[in-house]
Amino acid sequence: MNILDKIVAEKVQEVALHKAAKSIDDLTKMELFERKTFSLKEAILNGDNSKIIAEYKRQSPSKGIINGSAKVEEVTKAYTENGAACLSVLTDYPFFGGTMEDLGKARFNQIPILRKDFMVDSYQVYEAKAIGADVILLIAACLTPQKVKELTNVAHDLGLEVLLELYTEDELDCYYDEVDLVGVNNRNLKTFEVNIENSIRLLNKLPKEKPGIAESGIDNPQVVMELKNAGFKGFLMGEHFMKTNNPGQAFVNYVNELKSLENAH
Ligand SMILES: O=C(O)c1ccccc1NCC(=O)[C@H](O)[C@H](O)COP(=O)(O)O
């Protein structure tokens with residue numbers, strides 16, 4: 001069993017427990033359920049500069065503990081105040097040390113928030129809305145085309161956007177015209193190998209009108225420039241900031257370097 005299979009198997013059990021503890025009806029009565037969401041798609045398409053989706057993540061299967069002490073409120077505030085287009089908050093606990101409470105603590109920021117989790121059941125889409133998310137991630141590697149459609153339709157009914165994540169050409173089967181944004185992962189979630197050439201090749205096979213998001217393993221701002229020149233509009237980055245003592249300051253430094261590079265072009 002590869003790591004993705006393990007995560008999904010555990011997620012199915014977790015969802016069953018959550019369903020037993022709280023019904024969809026209960027979720028729809030939660031305070032944040034009726035809030036109007038922010039659009040990630042609009043944030044990405046607004047202007048020509050590179051748009052960073054800045055992630056709060058404590059740990060990961062590939063790297064173990066990345067940052068066990070940085071406070072979600074402080075980190076996400078710094079990301080937001082310094083120009084992040086969107087926040088990504090991990091809500092998976094067993095493998096990433098994230099919680100739904102983390103997302104709730106980041107919700108005071110007035111920009112889109114991506115619920116970063118492994119979505120396998122429409123219940124989780126209701127949960128995402130109830131905890132204050134604006135966007136959900138659907139990972140093609142762990143879904144069928146039918147499931148992508150089903151979860152996308154539920155998300156849209158609730159006013160959430162969908163970022164569909166692809167890694168291989170085979171996963172183009174899961175491409176559904178209704179998704180809002182398409183992400184291409186630089187990281188193979190089964191082997192953890194990172195390869196930006198793979199993302200660039202796959203982006204060229206995707207419909208040009210969908211904003212493309214490059215995900216994972218991005219550190220050097222030159223890499224963002226390379227991916228931007230290839231056509232990506234947004235960049236999902238976590239570890240590069242989170243592995244430092246001060247992720248907010250690391251974000252500021254990165255954005256300044258990136259701006260200098262963009263101005264020089
Ligand atoms: O990061 C992992 O090790 C991982 C393993 C298995 C499934 C998903 C995984 N990562 C989730 C992500 O998508 C990343 O957190 C995100 O793209 C940011 O990547 P990075 O900038 O490399 O932290």
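Helices H8 and H9 cross in a right-handed manner. On the H8 side, the contact is made by Ile-196, Ile-200 and Leu-203, and they meet Val-223, Glu-226, Leu-227 and Ala-230 of H9. Sorted by class, this contact of H8 with H9 has six nonpolar residues, one charged residue and no polar ones. Please keep in mind that this is a predicted model.

H9 also packs against H11, and here too the crossing is right-handed. From H9 come Pro-221, Val-224 and Met-225, while H11 brings Tyr-254, Glu-257, Leu-258 and Leu-261. The class count for H9 with H11 is six nonpolar, no polar and one charged.

The geometry of the two pairs is set out here.

| Helix pair | Residues | Angle | Axis distance |
|---|---|---|---|
| H8 and H9 | H8: 196-203 | about 15° | 10 Å |
| H9 and H11 | H9: 221-230; H11: 247-264 | about 50° | 9 Å |

Now to the ligand. Which residues are closest to the ligand? Among the 17 residues that surround it, the closest are Ser-60, Ser-62, Ser-216, Gly-238 and Glu-239. Two elements give two or more residues to this shell: strand E10, residues 234-237, and helix H10, residues 239-242. By class, the shell around the ligand has seven nonpolar, six polar and four charged residues.

Finally, a word on the annotation. An unreviewed UniProt entry carries the annotation "domain: Indole-3-glycerol phosphate synthase", which covers residues 4-249. In the model, the end C-alpha atoms of residues 4-249 lie 32 Å apart.

Conventions:
Residues numbered from 1 in each chain as written. Predicted model: local features only at pLDDT ≥ 70, side-chain atom pairs only at ≥ 80, totals over all residues. Near = placed C-beta within 6 Å. Helix = DSSP H or I, 4+ residues; strand = E, 2+ residues; numbered from the N terminus. Nonpolar A, V, L, I, M, F, W, Y, C, P; charged D, E, K, R; others polar. UniProt positions renumbered as here; feature names shortened; annotations may be inferred. Axes fitted to C-alpha atoms, helices over the stretch in contact; angles between N-to-C directions. Left-handed = near helix turned anticlockwise from the far one by under 90°. Contact = placed C-beta atoms within 7 Å.
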